[in-house]
Amino acid sequence: MFYREAGDFKTSYVDDGQTFPIRFDRYRYYAVLAVAFVVVPFIVGDYLANAILLPFLIYAIAAIGLNILTGYCGQVSLGTGGFMAVGAYACYKLMTAFPEVSMFIHVILAGGVTALVGVLFGLPSLRIKGFYLAVATLAAQFFLVWLFNRVPWFYNYSASGQISAPERTVFGIAVTGPNTEAWATYLFCLIFCLGTGLVARNLTRGTLGRTWMAIRDMDIAAEIIGVNPLRAKLTAFAVSSFFVGISGALFFAVYLGAVEVGEVFGIQKSFLVLFMIIIGGLGSMFGSFAGAAFLVLLPVVLKLVGVNVLGFPTDIVAHLQLIIVGSLIVVFLILEPHGIAQLWNVTREKLRLWPFPH
Amino acid sequence: MPEQLVFAMEVTLNGLMAGVLYALVALGFVLIFKASGIFNFAQGVMALFAAMTLVGIMDGQVPFSHLINATFGTDIHHFGWHVPALLAIILTTGVMVGLAWCVQQFVMRHLVNQAPIILFMATIGLAYFLEGLSDLMWGSEIKNLDVGLPQGINIWIDEATFNIFGYGFFIDNLDIVATVIAALLVVSLMAFSQYTKEGRAMRAVADDHQAALSVGISLNFIWVLVWSLAGFVALVAGIMWGTKSGVQFSLSLIALKALPVLMLGGFTSIPGAIVGGLIIGVGEQLFEFAIGAPYFGGATQNWFAYVLALVFLVFRPQGLFGERIIERV
């Protein structure tokens, strides 16, 4: 009914290897893009952008980054918050040092700086595996946050120890600072989100992605058949940190505007992004988006229902939210360890055969 | 004797005491990890939950009173009685056993045979759940916990060291009590696992699940037992930390501090947890005293333990006392 695949023939390798081989999926993808680029910017308001769209896009970038490291390469990282902080502070230093350069370039460069730091903290992964590595990445988390708190150079010796984004532009349109339009910030983040999504998707199905997955599935076996673990692990750390750095830069410069590092990029942030990819689906691009959307929407919905409909005080709703998120994670792990992405796949397979299943 | 050296000695002693508390939390991790291969991230939150429950029972708080008040518009908060500390501890132990049963029944039983990392993430979910639950049950304000443990400076040590070095060491009585209790706990746990039927069964399960199952040991029972033991250890740790710095959310963060302790000592070794705890406790205090505070602006305790563990692991990936990791294709 929904999928009409009859007559959808592939006549070249390019056709066969495209991201969405089924015509219906491909058109849906174009439709989503069209809505996101053409319709949403005209209707987006401050509340919609700040409460839902910006956090969703930015967290989706972070989730894609972590998913590359954890979902595709199998290296569990609890240092995402720390790497996001690197991106934010690199962006801040660049913004203040080179005010006339386009914000676009600053964000990319901030990602690059984070990639270097990521490789540095990824080096121990060659010796340390599994839980030990997960705990070792905590060293990055705590050390980086401490560093940005204690070394005044990073926050330009400001009295409060905070960093706040000055106004910077892309093609003459302000995307950071207090005088931004909702549509401008939204489009800025959307472009980055789409870009990282495309790059990540194509990296993961190329040579690099396959070496990552080989390392994930069994590192010793992969090494024996000729995958270079040094290269695979370090590239995973680099690419992952690059994306996480971009999301950190956007989170600080575009979304929040001012940041106190311990509060915003603490260990909670690392867990939040980790939950996104668990609930969304490890090793799945769609899962990164779905998980980010889910965990961004959940607090908003809970707050609407809890505070506005049921009339609970906000602190009780906050506690309930912890309980619900915690149990959701457990439920997901028990019922569907592959997350929302797998649920979606199952649904899609059913829809392809509906209404005449075998 | 030079002044710096005397200061360093005091710092070392205090570090040892702090290390004992880290070791206490790490012990709970090791117990569960050995018996079921689950890396229980929720251990710290269990300590928080246990301490909260203890305070709640002692003060006669009504559980979920905030929620009840918000739902029905009532205004209840206390039953109006005070439970003696010992009875409250026994009751809280009961609650922790109940919790262990629930965890086993509703979570871990359904996750048997899953990859270790999935189990780990499930315990992170459990940690969130427990954190929300304990706040919802007992309220999130900072509470005082007083079960009658002695506190304050130990006069005897102060005087004795003053007579020897001309400078009195500041050692908290509570830390000394904590050390004694931790030592007792370790000895009794060792005795339990060596000399009782259940303890031996526990070690058998730790050694090989399937072999243990085939000689008629109930895995279900052992796992409930292990989680209960871990809950009890969490309660002890919660009492110590709660008395020291109040029962509040930061209590659950000590779990994070216990992680480098575990890495250093190895996940599977009880003596490793103790030694690792002491090394981390002393190491971070001395580092802060000698290098961190004078050169780096202080607060290096936040990360020193992790970096130490990280560097250490690069040279010895299985930790100090961990079993040698043998990998096969």
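How many of the 27 residues of α10(B) are buried?

A: Keep in mind that this is a predicted model. In α10(B), 22 of the 27 residues are buried, so the helix is mostly covered. End to end, α10(B) reaches 38 Å from its first C-alpha to its last, close to the 39 Å expected at 1.5 Å a residue. Just after α10(B) comes G246(B), which takes a positive phi of about 80°.

Now for a helix that packs against this one. The buried residues of α7(B) pack against α10 (219-245), and also against α1 (3-36) and α8 (197-207), of chain B. Those buried residues are D175(B), A178(B), A182(B) and S193(B). The length of α7(B), residues 173-195, works out too: its 23 residues should span 33 Å at 1.5 Å a residue, and because the end C-alpha atoms are 33 Å apart, the two agree.

Further along chain B there's a helix pair to look at. Helix α12 (residues 270-296) and helix α13 (residues 301-315) of chain B have axes that come within 9 Å and cross at roughly 125°. That angle is why α12(B) counts as oblique to α13(B), and the crossing is right-handed. On the α12(B) side, the contact is made by I280(B), G283(B), E284(B), F287(B) and E288(B), while α13(B) brings Q301(B), F304(B), A305(B) and L308(B). Sort the residues of this contact by type and you get 5 nonpolar, 2 polar and 2 charged.

Next, the side of chain B that touches chain A. The contact between the chains takes 44 residues from chain B and 38 residues from chain A. On chain B, α13 is one of the helices that supply at least two residues each to that side, along with α3 (65-72), α5 (116-138) and α11 (254-265). The biggest giver is α5(B), with 16 residues. By type, this side of chain B divides into 33 nonpolar, 8 polar and 3 charged residues.

Like α10(B), which is mostly covered, α6(A) has most of its residues tucked away: 16 of its 21 are buried.

Chain A has a helix pair to look at as well. The axes of α12 (residues 267-280) and α14 (residues 314-335) of chain A come within 10 Å and cross at roughly 40°, which makes α12(A) oblique to α14(A). Here the crossing is left-handed. F275(A), I278(A) and I279(A) of α12(A) meet V325(A), L328(A), I329(A) and F332(A) of α14(A). This contact has 7 nonpolar residues, with no polar and no charged ones.

One last stop in chain A is E260(A), in the loop between β4 (258-259) and α11 (261-264). Because E260(A) has 16 C-beta neighbours inside 10 Å, it counts as partly exposed; a buried residue needs 20 or more. E260(A) and T114(A) are 146 residues apart in sequence, and their C-alpha atoms lie 18 Å apart in space.

Conventions: Residues numbered from 1 in each chain as written. Chains lettered and ligands numbered in written order. Predicted model: local features only at pLDDT ≥ 70, side-chain atom pairs only at ≥ 80, totals over all residues. Axes fitted to C-alpha atoms, helices over the stretch in contact; angles between N-to-C directions. Helix = DSSP H or I, 4+ residues; strand = E, 2+ residues; numbered from the N terminus. Parallel < 35°, antiparallel > 145°, perpendicular 65-115°, else oblique. Left-handed = near helix turned anticlockwise from the far one by under 90°. Contact = placed C-beta atoms within 7 Å. Nonpolar A, V, L, I, M, F, W, Y, C, P; charged D, E, K, R; others polar. Expected span 1.5 Å × (residues − 1). Buried ≥ 20, exposed ≤ 12 C-beta atoms within 10 Å, placed from the backbone.
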